[in-house]
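Reader: I should like to learn how to read a model of this kind. Please take the features one at a time.

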Amino acid sequence: MIASVAVVAASHFADSARAQSGPRQAALPVSADQALIIRTSVNGQTVELTVDARTSLLDLLRERLALTGAKKGCDHGQCGACTVHIDGRRVACLTLAAKVDGREVLTIEGLAEGDTLHPMQQAFIDHDALQCGYCTPGQIMAAVACVAEGNATSRERIREYMSGNICRCGAYVGIVAAIEDAAAKMGRG
């Protein structure tokens, strides 16, 4: 477990540094007949780029902006490993990048404030709410949304509203405890 916490902490600080310097844009070929210019805010940074109209938000984040916190789990939008927020609402990987034009995107890399973890990130560490860590960014983003939506009022409600996020390691007891703890610190729940 200590190794998992170390990986999360190390990943956080690397991601924090990347988020502060702004998203990196990688060039990918875009055919002229499918080209679309999008302007969006990603983790507080304004981004304007040309994408293929068929590009998913997850591919935009991972392949074009090098924000690799959101994971490609099932590639069907059913496991929650890819959860990010658009305008404060959680979304999955099947969302097209074109849908974020003029909107705000928040990923796990933008959740912390500098070197200070978000209360949900800290609660996941404090309650051992992770094991392998693969689903953890999506779990945390969904958990933040669960609290913001006012759905962290009981363990049963938390379980219901987090049911779209799968943890193959079975860290559910820790996840629910982390959400309860963070909800109190976030002033919700």
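Author: Of the 189 residues of the chain, 44% are buried, where buried means under 20% relative accessible area with a 1.4 Å probe, protein chains only. This is a predicted model: local features need pLDDT of at least 70, side-chain atom pairs count only at pLDDT 80 or more, and totals for chains, interfaces and linings use all residues. Residues are numbered from 1 along each chain as its sequence is written, and side-chain values use heavy atoms, with hydrogens and water left out.

Reader: What does the chain average in pLDDT?

Author: pLDDT is the predictor's confidence in each residue, from 0 to 100. The chain averages 87, and 83% of the residues score at least 70. Over residues 1-14 the pLDDT is below 50. Where pLDDT is low, the predicted coordinates should not be read in detail.

Reader: What is the order of the strands in the sheet?

Author: Strands of a sheet pair through backbone hydrogen bonds, either parallel or antiparallel. Strands here are DSSP runs (E, at least two residues), and helices are runs of H or I with at least four, numbered from the N terminus; two strands pair if DSSP finds at least two bridges between them. The open sheet has five strands in the order β2-β1-β5-β3-β4, with mixed pairing. Its edge strands are β2 (45-52) and β4 (89-91). Strand β1 (residues 35-42) pairs with β2 in the antiparallel sense over eight bridges, and Arg39 stands opposite Glu48 in β2.

Reader: Which helix packs on the sheet?

Author: Helix α2 (residues 57-64) does, touching β1, β2, β3 (84-86), β4 and β5 (104-106); contact means heavy atoms within 4.5 Å.

Methods: Buried < 20%, exposed > 50% of the residue type's maximum accessible area, 1.4 Å probe, protein only. Axes fitted to C-alpha atoms, helices over the stretch in contact; angles between N-to-C directions.
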